[in-house]
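The following report reviews selected features of one structure. Please examine the sequence and the coordinates alongside the text.

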Amino acid sequence: MRALVPLLAASFAAGLALGDGCPASAKFALVGSLGALTLAASLHRLPRACAVAACVAALGAGAGLLGARVGAALPQLGAPARDAVIEGRIVRSDLLPSTTRLELEGVRWVRPERAGPSRIELRFEAGASAPPIGATIRAAVRTREVPEGAANPGGAERAHPLARRGLGASARSIAPELMQIVELPGHNPSTSLANRRLAAISVLRGHGRGGALLAALSLGDQAGLPERDRRAWAALGIAHLLSVSGLHLALAAAAAYALSARAFGRAVRLSARFDSRRLALAVALVAAALYALLAGAAIPALRSLAMLACLVAAVALRRPAHAAHALASAALLVLALDPAALFSPAAQLSFAATAGLVLGRACVANR
């Protein structure tokens, strides 16, 4: 069935919404997903029945994945505030205008020795230097109680967005200057690239408004832009250019393809044995992936990268490329890596705009 991949993506997204709204259904959803997957394997000779069972399995997988995460994190977020000394490894670092926000995993609660969430959000004043991503730190923190629901009528809810990311506590560093690095980050290419990105952002921000604008356009960092600049870009209707997405990745991939295709074309022996265009496409995909990681791996960038990977796979396998299948595959990949992306306005607008382009192209082609 040609529509199977879009149906699977829609079913998985519906399952995530179900798990977010009803976390208690996670265990039943996972059991149902395994049963539906077994049924789909046994019905391989009945394509339609197999497709229905696969969609049910995707629905259950989504509900179980996010439901288990939200159900475990929400009670922890509602715990009373306390002071503690913790150790944890930094997996993400965001340089905000007034604060630096870290995400820690593998958190160990040193004092007092009470069990706590293994993933937390830690904030401290922007003036203090941030440890590198991948480092294990020890810090004195003060957690805060984050109850469900909005604090004020019509206000934004704080607990659910944290729980969707698997964060069981929100804390602030009591003395950022006393924060200790217990273990330096290992030699990991992705970690090194992320730390180089943060270093480049800090250098560009040091050059004033022009540097902050360059950091936003090239590295996807908008936190350093003054509020009046962001409003000006929004008023002109070009604020989307500040987020690294398909346009940026297309330029990087096109430049890598053009340079590598010319280089491979001049290598006579290599061109005689392999198709230089396919080799150039592989190089373009690697260049796009590196640029997406360097730009912070935002949802629009990951969506564009996944669609480019589908195109490269179709060319390598000598099969026709379907834009709708590529978009659905990108949605599955993005939601599997980050289930909270389903509730992000940036991700919703990115996929909605791309879906509009795909449908518009299909309508024009069918005329």
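## The loop at Ala297

Ala297 lies in the loop that joins helix 10 (276–294) to helix 11. The model is a predicted one. The phi angle of Ala297 is near 55°, a positive value in a residue other than glycine. Most residues other than glycine have a negative phi. With a relative accessibility of 28%, Ala297 counts as partly exposed, because the partly exposed class begins where the buried class, under 20%, ends.

## The largest nonpolar core

The largest nonpolar core holds 31 residues, and the members that touch the most others are Leu77, Ala163, Ile299, Leu335, Ala341 and Phe351. At least two residues of this core come from each of helix 1 (4–21), helix 3 (47–77), helix 4 (159–164), helix 11 (299–316), helix 12 (323–337) and helix 13 (345–365). Helix 3 provides the largest share, 8 residues.

Ala341 is in contact with Ile299, Val334, Leu335 and Ala347, when its neighbours within four places in sequence are left aside. Another core lies apart from this one; it has 23 residues, among them Ile90, Met179, Ile201 and Leu219.

## Helix 1 and helix 12

Helix 1 comprises 18 residues and spans 26 Å from its first C-alpha to its last, close to the 26 Å expected at 1.5 Å a residue. Its buried residues are Leu8, Ala9, Ser11, Phe12, Ala13, Gly15, Leu16, Gly19 and Asp20. The cover over these buried residues includes helix 3, helix 4 and helix 12.

Helix 12, with 15 residues, reaches 21 Å between its first and last C-alpha atoms, close to the 21 Å expected at 1.5 Å a residue. Ala326, Leu327, Ala328, Ala330, Ala331, Val334 and Leu335 are buried in helix 12. As background to such lists, an α-helix has 3.6 residues a turn, so residues three or four places apart point the same way.

## His160 in helix 4

His160 is placed in helix 4. At a relative accessible area of 11%, His160 is buried, because that value falls under the 20% limit. Residues up to four places away in sequence aside, His160 touches Asp20, Val70, Leu74 and Glu148. Asp20 is also one of the buried residues of helix 1.

Along the chain, His160 and Leu77 are 83 residues apart, and their C-alpha atoms are separated by 9.3 Å. Leu77 is among the members of the largest nonpolar core that touch the most others.

Ala84 is buried, with a relative accessible area of 4%. Its contacts, not counting residues up to four places away in sequence, are Trp109, Arg111, Pro112, Ala139, Ala140 and Val141.

Leu95 counts as buried at 16% relative accessibility. Beyond residues up to four places away in sequence, Leu95 touches Thr100, Leu198, Ile201, Ser202, Arg205, Asp221 and Ala223. Ile201 is found in helix 5 (residues 189–205) and is buried, with a relative accessible area of 1%. Apart from residues up to four places away in sequence, Ile201 touches Leu95, Leu219 and Asp221. Leu219 is 18 residues from Ile201 in sequence and 7.6 Å from it in space, C-alpha to C-alpha.

## Rings, charges and cysteines

Which residue lies over the face of Trp109? Arg82 does, at 4.3 Å from the ring centre. Trp109 is also one of the residues that Ala84 touches. The charged end of Arg164 sits over the ring of Phe343, 4.0 Å from its centre. The count of aromatic pairs comes to 0.

How many disulfides does a search of the whole structure find? The search finds 0. Cys22 is partly exposed, with a relative accessible area of 35%, whereas Cys55 is buried, with a relative accessible area of 13%.

Conventions
Residues are numbered from 1 along each chain as its sequence is written. This is a predicted model: local features need pLDDT of at least 70, side-chain atom pairs count only at pLDDT 80 or more; totals for chains, interfaces and linings use all residues. Side-chain values use heavy atoms; hydrogens and water are left out. A nonpolar core is a set of buried Ala, Val, Leu, Ile, Met, Phe, Trp, Tyr and Cys residues joined through side-chain atoms within 4.5 Å. Buried means under 20% relative accessible area, exposed over 50%, partly exposed in between (1.4 Å probe, protein chains only). Helices (H or I, at least four residues) and strands (E, at least two) are DSSP runs, numbered from the N terminus. Contact means heavy atoms within 4.5 Å. Rings of Phe, Tyr and Trp (its six-membered ring) pair if their centres lie within 6.5 Å; planes under 30 degrees apart count as stacked, over 60 as edge-to-face and the rest as tilted. A charge sits over a ring if NZ of Lys or CZ of Arg is within 6 Å of the ring centre and within 35 degrees of the ring normal. The expected span of a helix is 1.5 Å times one less than its number of residues. A disulfide is a pair of cysteine sulfur atoms within 2.5 Å.
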